[in-house]
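Keep the sequence and the 3D view at hand.

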Amino acid sequence: MAHGTLGLCEPLSNPEGAAVDIVFVHGLTGSRVSTWSDNGVFWPKDLLAVDVPKARIFSFGYRADVVDLWGGPSQSRIDNHADDLVTQLAGIRTHTKTADRPIILVAHSLGGLVCEQAVVSHHNRQEEDTRNVALNIKRIAFLGTPHEGSDKAKWGEAARRFLDMIHLETNETLLKNLVEGSEKLSYLQREFLQLLRRRAKTESEIEIMCFFEGKKYRLAKKSMGYVVPEKSACVPGYPSISLHADHVTMTKFDDKEDENYQRVVRVLQSWVEALQKPFQQPGGHQNLANTTFNAPIIGGFGIGQMIGGSPTTGGQYTFNGLPFMNPTSPGANT
């Protein structure tokens, strides 16, 4: 596990019996602590850990300057950051025997693109541990993440807004490289949205929430406008919520009574509650895979908890998540 400002580092909260993992991913020029802190309050650790006591919480750090994230046509730093995130999560979850635990990602700004890349790159990987991470990413909260779709020109416009935000003069050579790098981002966006649709209504469905900035960003008392306007921050067909903050302050809370914090934490609490509920098989059969019970041997199999029926009269049971009939029950194969 990484130490310091990069990687996942130690869990911010690791309660016994945690039901989900929540992972924070910062954005442009951010860090694993400063992005999520205000007035000395590191809210994922100081506030959220109390309000969501059934979650193990991490904050992921990586080098996030504009060229690292946007890159040019020959660069793919987003891929590297996404691979690091997934690989580190896989290692921790394997080591702690929590590989099947649902994952919630909370991403700010361009960190959302790292999360999208993590899902897209690993959901079909041959390596079981990293593929399992991608398939267990069940919820993503995007805070000010640009979703410009496949329109390369719009990504170029977004690049200019980010350069303005970080006080860089619009160097035409740099801007040209960023616009060229936008081709990859447009492809990533298309792949991610297609994956969302394919995973809908399956065990690996991903729900998302898009938070957008409700205040314009100001630099030296000059309004710079919205860094990621509402239309860009929202994904058509998915829910969105406004935060009364600009692009930088939308991730900073120092009080659990802060209305912006309440809007974010209510979403996270509802997600954690939903993900704690056992998945139900069609027809109402509870999925008992990976659960150990003490039960009699029936028909030659130690099947665990019996669902209906009895060893003598027969009935339906669940074995490894799949319903089957007791061999002694009427109609069963003999």
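Buried means under 20% relative accessible area, exposed means over 50%, and partly exposed lies in between (1.4 Å probe, protein chains only). Asp-21 counts as buried because its relative accessibility is 0%.

Two notes on the numbers come before the tour. This is a predicted model, in which local features need pLDDT of at least 70, side-chain atom pairs count only at pLDDT 80 or more, and totals for chains, interfaces and linings use all residues. Residues are numbered from 1 along each chain as its sequence is written, and side-chain values use heavy atoms, with hydrogens and water left out.

Start with the salt bridges. The term stands for a side-chain nitrogen of Lys or Arg within 4 Å of a carboxyl oxygen of Asp or Glu. Side chains of opposite charge can pair when their charged atoms come close. The whole structure holds seven salt bridges.

Which residue does Asp-21 meet in a salt bridge at 2.8 Å, N to O? The partner is Arg-56. This pair links distant parts of the chain: Asp-21 sits in strand β1 (residues 20-25) and Arg-56 in strand β4 (residues 55-60), 35 residues apart. Helices (H or I, at least four residues) and strands (E, at least two) are DSSP runs, numbered from the N terminus. Arg-56 is buried, at 2% relative accessibility.

Asp-21 also forms a salt bridge with Arg-93, and here the closest N and O atoms are 2.9 Å apart. Arg-93 belongs to helix α3 (residues 77-95) and Asp-21 to strand β1, so this pair ties together parts that are 72 residues apart in sequence. Arg-93 is buried too, at 1% relative accessibility.

Next comes Arg-101. Its side chain meets that of Asp-21 in a salt bridge of 3.1 Å, N to O. Arg-101 lies in the loop between α3 and β5 (103-108) while Asp-21 lies in strand β1, so the pair ties together parts 80 residues apart in sequence. Arg-101 has a relative accessible area of 14% and is buried. Through shared partners, salt bridges join Asp-21, Arg-56, Arg-93 and Arg-101 into one network.

Now turn to strand β7 (residues 207-213). How many of its seven residues are buried? Six are, which leaves the strand mostly covered. β7 runs parallel to strand β6 (residues 137-143), and five bridges join the two. Strands pair if DSSP finds at least two bridges between them. Leu-143 stands opposite Phe-211 in β7. β7 also pairs with strand β10 (residues 240-243), in the parallel sense, over four bridges. There, Ser-242 in β10 is the bridge partner of Phe-212.

Most residues other than glycine have a negative phi, and most peptide bonds are trans. Asn-39 is not a glycine, yet its phi is positive, about 55°. Asn-39 lies in the loop between β2 (37-38) and β3 (41-42), and is exposed, with a relative accessible area of 64%. Lys-201 has a positive phi of about 60°, although it is not a glycine. Lys-201 lies in the loop between α7 (172-199) and β7. Lys-201 is exposed, with a relative accessible area of 78%.

Finish with Glu-127. This residue lies in the loop between α4 (111-122) and α5 (128-136). Glu-127 is partly exposed, at 43% relative accessible area.
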